[in-house]
Amino acid sequence: MRTQTLFASVALAMLGACVGGIDMPTGGGSNTGSNDTTARQQFDSTVAPLLVSNRCAGCHVGPETGATNMFLGTANSNDSFYAGITNDRAINGGFRAGAASLLTKGVHEGPAWQAADVTTISAWLSAEAAERGDDGGGGSNTGSGTVIQPNLSVRGAEQQWAACMSISQTEYMSTKAYAIADMQTENGRCYSCHEPGGAGGAYWGRNNQYLDMLTKWQEEVFITGAFQAQTQQTSPISYKMLVASNKICSKGKEQDNSSGTHPKFDCNQNVDGVVVLDAMASFATMVQAKADSGACPTPAFVDPSAGSGSGSGSGNP
Ligand code: HEC
Ligand code: HEC
């Protein structure tokens, strides 16, 4: 996959620049430094024009004041589009085409993509993934049949954590980690925007007595809205999961920092009788203890299509 991406990038560079001698990478393995076209350049020349011509920008550029995700940022510029998409994990699917709602959304108030557009956008996502060293995930780095230590990759740690959360409903309820859904912002409580589709890669919701949220946190696109991987040991490098407190808190301060338009909120709120981030941290400690003791099922994300919200566009309460 990486090799294909590489050749695709080289081909693109040729198209763009009409270079005579082609600089073919010899090994086909490492992609450091030898790409003539960066993923960003590929985005600017191939993807950004589609966002305009398919009118996505007409509805998805602007300040965040409602549940419509302004995932193209606040300005009609490539910089704004690029920052918006690459910072929104649900939209970019962790740079995996199959998980990117940018591609999978389909017909709604806006149009669906043409097949050729899907190819173009998928190619860009792969180029980003390769550039970010994120294209293999927790895949196969050893021979088949070997049990891979899941926490040797970020994605593996996330999958393990998802599996551990699936058997941690008691802890979730007793710590009240769910209280985050009820936190307040200047524009309403978190659930008012983050429940229906899970805005921007974060899902905070009350449905089914908060239990839907626990399931959503086990999906690949939502797990990093609430939790993040951190290096646990360096040699060999391995990862454990923590509450993504910095990300959550900085979302509430974006306007003060002029770094975005997310509604303001204080992340150290006390709701439902708990300090929310402390409650989440207690939950996280319990889940990680299960992960460390090997008590969890086979590492795996919850597959969104297997659950209640079937396929595209449906599933909203
Ligand atoms: C006429 C306005 C309009 C246009 C044009 C439009 N959208 Fe939307 N889009 C919406 C609205 C409204 C929502 C929120 C309701 C929903 O999810 O259907 C939305 C939601 C979305 C979401 C879900 C975001 C989330 O975080 O839940 C995605 C992804 C999306 N649109 C992608 C696109 C893409 C890609 C295009 C261009 C091909 C596009 N939209 C064009 C109005 C539009
Ligand atoms: C008025 C609607 C609205 C409210 C209320 C709201 N959000 Fe958001 N939030 C969004 C939208 C839209 C995005 C996606 C775009 C972005 O990242 O700014 C988002 C993104 C996020 C993200 C980024 C997720 C990721 O993985 O990148 C976090 C974290 C977040 N919100 C936390 C919260 C918390 C916590 C609350 C309640 C205290 C809250 N939000 C309330 C609309 C809202």
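Predicted model: local features only at pLDDT ≥ 70, side-chain atom pairs only at ≥ 80, totals over all residues.
**Iron site**

I then looked up which donors come from the protein. They are H60 and H108, each through NE2, lying 2.0 Å from the iron. I placed H60 in helix α3, residues 56-60, and H108 in the loop between α6 (101-104) and α7 (115-131); the pair therefore ties together parts that are 48 residues apart in sequence.

I checked the accessibility of both histidines. H60 has a relative accessible area of 14% and is buried. H108, at 36%, is partly exposed. The cut-off for buried is under 20%.

**Shell around ligand 1**

Next I listed the surroundings of the ligand. There are 18 residues around ligand 1, and those that come nearest are C56, C59, H60, K105 and H108.

A polar side-chain atom of H60 lies 2.8 Å from a nitrogen atom of ligand 1. For H108, an N or O atom of the side chain is 2.8 Å from a nitrogen atom of the ligand. The side chain of N69 has an N or O atom 2.9 Å from an oxygen atom of ligand 1. I sorted the shell by element: α3 and α6 are the ones that give two or more residues to it. Helix α3 supplies the largest share, three residues.

**Aromatic rings**

I turned to the ring pairs. The count comes to 13 aromatic pairs. One of them is W217 with F283, a tilted pair with 6.4 Å centre to centre and 50 degrees between the planes. W217 is in the loop between α11 (211-216) and α12 (220-226), while F283 is in helix α14 (residues 276-293), so this pair ties together parts that are 66 residues apart in sequence. I found both W217 and F283 buried.

**Arginines over rings**

Last, I looked for charges over ring faces and logged two. R40 lies over the face of Y82, at 4.6 Å from the ring centre. R206 lies over the face of Y191, where the distance to the ring centre is 3.7 Å.

Notes:
Residues numbered from 1 in each chain as written. Chains lettered and ligands numbered in written order. Heavy atoms only, no water. Donors = N, O, S within 2.8 Å, 3.2 Å for Na, K, Ca; no water. Helix = DSSP H or I, 4+ residues; strand = E, 2+ residues; numbered from the N terminus. Buried < 20%, exposed > 50% of the residue type's maximum accessible area, 1.4 Å probe, protein only. Phe/Tyr/Trp six-rings, centres within 6.5 Å; stacked < 30°, edge-to-face > 60°. Lys NZ or Arg CZ within 6 Å of the ring centre and 35° of its normal. Near = heavy atom within 4 Å. Polar contact = N/O pair within 3.5 Å; in protein donor to acceptor, adjacent residues only side chain to side chain.
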